[in-house]
Amino acid sequence: MTDSIAAILDAVLEGQLPSDQQALALAGEQNTRRLTEVAATLRDRGFHNVVTYSRKVFIPLTHLCRDVCHYCTFAQTPKKLQAPFLTIDQVLEIARSGAEMGCKEALFTLGEKPELRYKAAREALAEMGFATTLEYLHHAAQRVVEETGLLPHLNPGNMTQAELDMLRPVAPSMGIMLESSSRRLTEKGMPHYGSPDKDPAVRLETLELAGRNKVPFTSGILIGIGETRRERIESLLAIREIHQRHGHIQEIIVQNFRAKPDTKMAQAPEPDLNELLWTIAVARIVFGPLMSIQAPPNLSPGVLSQIVAAGINDWGGVSPVTPDFVNPEAPWPHLDELNRETAVAGKHLHERLTIYPNYASEISTWVDPGMHTRLLHMIDAEGFPRVDDWCPGDEQSPPQTDLNAVANHPSRVSEDLQVILKRAAGAVDLCEAEIVRLFGARGDDFSAVVQAADALRTRHNGDRVTYVVNRNINYTNICYFKCQFCAFSKGKLSENLRGRPYDLSHEEIQRRCEEAWARGGTEVCMQGGIHPEYTGETYVEIVKAVKRVTPDMHVHAFSPLEIWQGAATLNLPLDQYLRKLLDAGLDTLPGTAAEILDDEVRETLCPDKINTEQWLRVMETAHELGIRTTATIMYGHVDQPQHWARHLIRVRDLQKRTSGFTEFVPLPFVHMEAPLYLKGKARKGPTFREAVLMHAVARLTLNPYITNIQASWVKMGHQGVIACLNAGCNDLGGTLMNESITRAAGASHGQETSPQRMIEMIEGAHRVPAQRNTVYGEVPRERIDAGLGAGELEDIINTPARKYERKRSGPLIRRGVVEPIQAVNLN
């Protein structure tokens, strides 16, 4: 290796993309091993321990093609085919068989514009009512996505602007293989001679148009068809130039030529393994750590670990149903085999969609609006597909693979992750990028994160797992705020959601408190909607009503939103209003209404609610007055890992100043009845993996400032909280007695988990149960015995709300907005 090449590679490892001149200089480099070492390092920086694939069906819409590439067996003449095109029924049959096998991609392959060459193609299209092959492709793709749910990936060949406009609404991704930018290969005697669509300028123009139209696109090169190494690099650079303008190339395929019988290149030599590895490595170096580099696994059986070591991060589409019609001699590897081979290479195999995760997570930019809802319902927070049916609040059991991963001892952990975990264990404050990296952990990395969190739990809390016997009282479900995640509140626009509007009387609140005390309760947790008639005095009177009948009950009540609204209605500063509540008997505040402490998310999720700064200001003021609070996060809707990281950092920073938070409580989004989900604008809550990670990463990020991490049995279910207890959690929250908000959103869990059931869950996780009070103190034996001996709850009475004209004058209090009040009809 020359000094100049060594310098280029050193610069690449320092984070610089090679210039065109530097990339071309690699053409003479013979040290494949050094190139692959650099490429693998770059790949690990971008994709860590994950190698992806897409579970697909292959739909060969037509084998007719106007081109005559000398290596191709896909293209056929009309007389060799039973029919020029697959019928729609045949297309749907293939797609349905794929859907039944768990496929998510329908890969449409077809020849280039056969109607321009073959009368049979023109007649067949006309008979079906189409003028062009691409019109029929549009129809077929639309039927597939509507009738089977598979996401089409289209390989339609060269396209005009109008054709791209037509196809974009029915396919989240498309592709065209450049193959080579060398015009020499189109000359007489070369493989692309007589194939007008293989003109590099024409193919590059299609790539350019796709970029302008924001279409996630696949491209790549075919090696071993007579091109030189320099020409390969020139081809890669041509693609890179277009990608740098538009950012739309989602993967680069390096495909090795396979000689096929009955073609003009049947006797041509195939590229050897070294040539393939060299090209993969150079492709990675040219494009850097963030581009997906793919090599088809069926074209190189037996050497997959070496291909991984050369710098790929993707295997492409693999079908459990259909053969590779382009390379029919090369069967797909079985997915179990591919998983084993990938593991041997030290990587974790993970499914992706046809649209890559970084594009799927930015659908407003890259996907036609008509596909948004379908895609949102398929993905997790990073844009990977959901691969199981578990959702928060549902009765579906957690996926066994994730449960196993919590307990598995990781054999290979990414080096960068090991550094972050060591910093977290040493109580070093993690930055946003490090926290985001933790949330991206999969495979062995996932196991390492949850086990590092659990080690911190052992250090701070031992094997003691706590819970509190409490009662939730949601005093009204009438609310004038329009939070898009909430299925609990009632206003004139939410009558279709669960339950009827109610506004509890003081007598009913008192009855529930007395019953809770008799059943061993030490805390009453009170929250509700922001009723337009409520003022700060309302909340004061509720606290007084509780204390009159249960003077020793701990009152844990009112989110920062209620505190903000209450203070504003009385025209009091926050500190004065909080003192007024303290005088009435308030003890602590719940840390709800936080949702995601990032205003980018709040603008969609709860646009008229208090913002991040206001929530933090309420909490800091409470802490300064000696009022302890909890902190929560409600995640899994329109948010992404960077938003979770910012939330944790903001909670951590406030805790460092005040030490006022008693615990951190992750609350996964329950989607079933949430307005934002019903409108098609939210995901289905976090995946189980994400939910477990939220608890683990919270433990690691908040160490050592917040040492109590709580799992919500209402959201996670009993099996889920046991997994969380092995991922850094030490607390299961309250028995609740009544829970309305999560059940209104569609959850199956709720109402009550008895002290006995809490003890069973904790002991089932091989931990030591301990009843606590709200601020993690000891509970008198008398309270414990009362809880263990409690009978059945009486039926609750939700005092119906009536139609009324507003009595309170003045504006509704919103975040930075004052609105006049009109009559409210709640019937």
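Colleague: How many nonpolar, polar and charged residues are in the lining of the largest pocket?
Modeller: There are 15 nonpolar, 16 polar and 16 charged residues in that lining. Keep in mind as we go that this is a predicted model.

Colleague: Okay! And what volume does the largest pocket have?
Modeller: Its volume is about 1,400 Å³. The lining has 47 residues, and H348, L349, R442, G443 and D444 are the closest to the pocket's centre.

Colleague: Which helices and strands supply at least two residues each to that lining?
Modeller: Among them are the helices α3 (32-47), α12 (335-344), α17 (415-425) and α19 (444-461). The strands β1 (50-62) and β9 (348-352) also supply at least two residues each.

Colleague: Next one, then. How much space lies in the second largest pocket?
Modeller: About 1,100 Å³. Here 40 residues form the lining, and the closest to the centre are G46, F47, L290, P357 and N358.

Colleague: Which element gives the most to the lining of the second largest pocket?
Modeller: That's α3, with four residues. Others that supply at least two residues include β6 (249-256), α13 (357-360) and α26 (641-658).

Colleague: And how do the residues of this lining divide into nonpolar, polar and charged?
Modeller: It's 18 nonpolar, 17 polar and five charged.

Colleague: Let's switch to helices. At what angle do α17 and α19 pack?
Modeller: The angle is about 10°, and the axes are 11 Å apart. Angles under 35 degrees count as roughly parallel, so α17 is roughly parallel to α19.

Colleague: Which residues of α17 and α19 meet there?
Modeller: On the α17 side they are L417, L421, A424 and A425. Their partners in α19 are D445, A448, V449, A452, L456 and R459. By class, this contact has eight nonpolar, no polar and two charged residues.

Colleague: One last thing: where is P532?
Modeller: P532 is in the loop between β12 (523-527) and α21 (536-549).

Colleague: Is P532 buried or exposed?
Modeller: Buried, because its relative accessibility is 4% and buried means under 20%.

Colleague: And how far apart are P532 and D444?
Modeller: They are 88 residues apart in sequence, and 51 Å apart in space from C-alpha to C-alpha.

Definitions and conventions: Residues are numbered from 1 along each chain as its sequence is written. This is a predicted model: local features need pLDDT of at least 70, side-chain atom pairs count only at pLDDT 80 or more; totals for chains, interfaces and linings use all residues. Side-chain values use heavy atoms; hydrogens and water are left out. On a 1 Å grid over the protein atoms alone, a cavity is a set of points where a 1.4 Å probe fits but cannot get out, and a pocket is an open set with protein on both sides within 12 Å along at least five of seven lines; lining residues have an atom within 4 Å of a point. Grid points are joined across faces, edges and corners, and a volume is the space filled by probe spheres set on the points. Ala, Val, Leu, Ile, Met, Phe, Trp, Tyr, Cys and Pro count as nonpolar, Asp, Glu, Lys and Arg as charged, and the others, Gly among them, as polar. Buried means under 20% relative accessible area, exposed over 50%, partly exposed in between (1.4 Å probe, protein chains only). Axes are lines fitted to C-alpha atoms, for helices over the stretch in contact, and angles run from 0 to 180 degrees between N-to-C directions. Angles under 35 degrees count as roughly parallel, over 145 as roughly antiparallel, 65 to 115 as roughly perpendicular and the rest as oblique. Contact means heavy atoms within 4.5 Å.
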